[in-house]
Amino acid sequence: MKALVYHGPGQRSWDSVPDSTILDPADAVVRIDSTTICGTDLHILKGDVPEVRPGTVLGHEAVGTVMEVGAAVTAIAPGDRVLVSCITSCGRCRYCKEGHYGLCTGGGGWIFGHLIDGLQAEYARVPFADTSVYKVPEALTDDQVLFLADIMPTAYEVGVLNGRVVPGDTVAIVGAGPIGLAAIMTARLHTPGRIVAIDLADSRLEKALEFGADVAVNNGGDDAIARVQDLTGGEGADVAIEAVGVPETFELCTELVRPGGRVANVGVHGHSATLHLERLWIRDVMITTGLVDTNTTPRLLKLIEGGRLDPTVFATHRFSLAESEGAYDVFSAAAETHALKVVLEAAHVASGTAPERERQVSATA
Ligand SMILES: NC(=O)c1ccc[n+]([C@@H]2O[C@H](COP(=O)([O-])OP(=O)(O)OC[C@H]3O[C@@H](n4cnc5c(N)ncnc54)[C@H](O)[C@@H]3O)[C@@H](O)[C@H]2O)c1
Ligand SMILES: [Zn+2]
Ligand SMILES: [Zn+2]
């Protein structure tokens, strides 16, 4: 089979690799029908995530078809269409039992394209299949559910729910990349009074307005704190969501928020940021951090099924899986290409031919 393999900082290629097989009775092998690239994959390629060993297949977001299941798998069967999400759950550890799958200590959590081979491939081995994948309702297309594999639950759980957005809130969202835009989209489920998008790139701010932000502020030229104060009668934002991952934007969020408000950090940080406790201690501010758990995936799936949520607008570019190297070039040059999410499709999806499931699927006893 073919897969996009990480070969160390700055190096990746579409290679022939050994076929995915069942290694544990709880595994499934899934044929990847659609996958996508995440900002985190770019972090890995920069060498920012040293746990990823050269030779690992990248990718942690996919929709696919179950080809084979291990003897212990009972909830899915060959032929089922499934969402394979960035987070895997052992279903047994303390954290999985509490719904904190991102913190799984039983071998799950974020493992695809990180600690084990990932999903930018023709096939993938999926551990803990029963407790980790989601069956895709027949009526929904791959595009409708693909972004539930990461950006939608991340923005919703770590941004909107951790930030406890309630009706009427002024929500300031710093960063209007895929995560910030998904935060705008999912904050709207809670009817905020006003969403203020803050970014350095005008093209991203235009997108933010399309996605439902009410006010766009370019903090390269404008004073974002003064703008938010003006909009809120001098109070500040009820909720500030950090969706960039650099010290300045975290510190900005702690200044945008009103006394008694909430700062929800979503960004992945590589450097220490300053927490100004000398100013914050008296302001009753709540600050949250987190890795996505994906425990809201079933809820988001229902909203998509009900026509209340449409993440298909994230798909700006489309490639076949075999063109994944070119897809990385386009995604990593987002400033010029204006890419939000690139969709990589298996040949049978791209050409519109029906997959030959019957011929290929088989169960492992
Ligand atoms: N916590 C989690 O579970 C989780 C999961 C996935 C991604 N993330 C993280 O979320 C963050 C956002 O992801 P993304 O894919 O949207 O990233 P992205 O790089 O595509 O977007 C970041 C946006 O921030 C803007 N920006 C950069 N510096 C800025 C500044 N000083 N002020 C205002 N805006 C600025 C950029 O113009 C860009 O539009 C990343 O750090 C990513 O690693 C976290
Ligand atoms: Zn990701
Ligand atoms: Zn677990």
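Which residues in α9 are buried? Pro247, Thr249, Phe250, Leu252, Cys253, Thr254 and Leu256 are buried in α9, where buried means under 20% relative accessible area, exposed over 50% and partly exposed in between, with a 1.4 Å probe and protein chains only. This is a predicted model, in which local features need pLDDT of at least 70 and side-chain atom pairs count only at pLDDT 80 or more, while totals for chains, interfaces and linings use all residues. Residues are numbered from 1 along each chain as its sequence is written, chains are lettered from A and ligands numbered from 1 in the order in which they are written, and side-chain values use heavy atoms, with hydrogens and water left out.

**Zinc ion (ligand 3)**

- The zinc ion (ligand 3) is coordinated at 2.3 to 2.4 Å by the SG atoms of Cys90, Cys93, Cys96 and Cys104, donors being N, O and S atoms within 2.8 Å of the metal (3.2 Å for Na, K and Ca), with the caveat that water is not among the atoms, so sites may look incomplete.
- Because the four donor atoms around this zinc ion (ligand 3) subtend angles of 103 to 117°, the arrangement is tetrahedral, a term that for four donors requires all angles to lie between 85 and 135 degrees.
- Along the chain, the donors of the zinc ion (ligand 3) follow the spacing C-x2-C-x2-C-x7-C.
- Cys90 is buried at a relative accessible area of 8%, and Cys93 also counts as buried, at 9%.

**Zinc ion (ligand 2)**

- The protein donors of the zinc ion (ligand 2) are Cys38 (SG), His60 (NE2) and Asp150 (OD), which lie 1.7 to 2.2 Å from it, and their spacing in sequence is C-x21-H-x89-D.
- Cys38, in the loop between β3 (28-36) and α1 (39-45), and His60, in the loop between α1 and β4 (62-69), are 22 residues apart and form a pair that links distant parts of the chain; helices (H or I, at least four residues) and strands (E, at least two) are DSSP runs, numbered from the N terminus.
- Both Cys38 and His60 are buried.

**Ligand 1**

- Ligand 1 is surrounded by 22 residues, of which the closest are Ile179, Asp199, Val244, Val266 and Gly290, where a residue is near a molecule if one of its heavy atoms lies within 4 Å of it.
- A nitrogen atom of ligand 1 is 3.0 Å from an N or O atom in the side chain of Asn219, and a nitrogen atom of ligand 1 is also 3.0 Å from a polar backbone atom of Val266.
- An oxygen atom of ligand 1 lies 3.0 Å from a backbone N or O atom of Val268.
- Of the 870 Å² of accessible area that ligand 1 has on its own, the protein covers 82%.

**Backbone and burial**

- Helix α9 (residues 247-256) is mostly covered, with seven of its ten residues buried.
- Most residues other than glycine have a negative phi.
- Thr191, although not a glycine, has a positive phi of about 50°; Thr191 is found in the loop between α6 (178-187) and β9 (194-199) and counts as exposed at 52% relative accessibility.
- Asp284 has a positive phi of about 55° although it is not a glycine, its place is in the loop between α10 (277-280) and β13 (286-288), and at 62% relative accessibility Asp284 counts as exposed.

Note on methods: Tetrahedral: all angles 85-135°; square planar, octahedral: opposite > 155°, others 65-115°. Polar contact = N/O pair within 3.5 Å; in protein donor to acceptor, adjacent residues only side chain to side chain. Areas by Shrake-Rupley, 256 points an atom, 1.4 Å probe, with all protein chains shown as cover.
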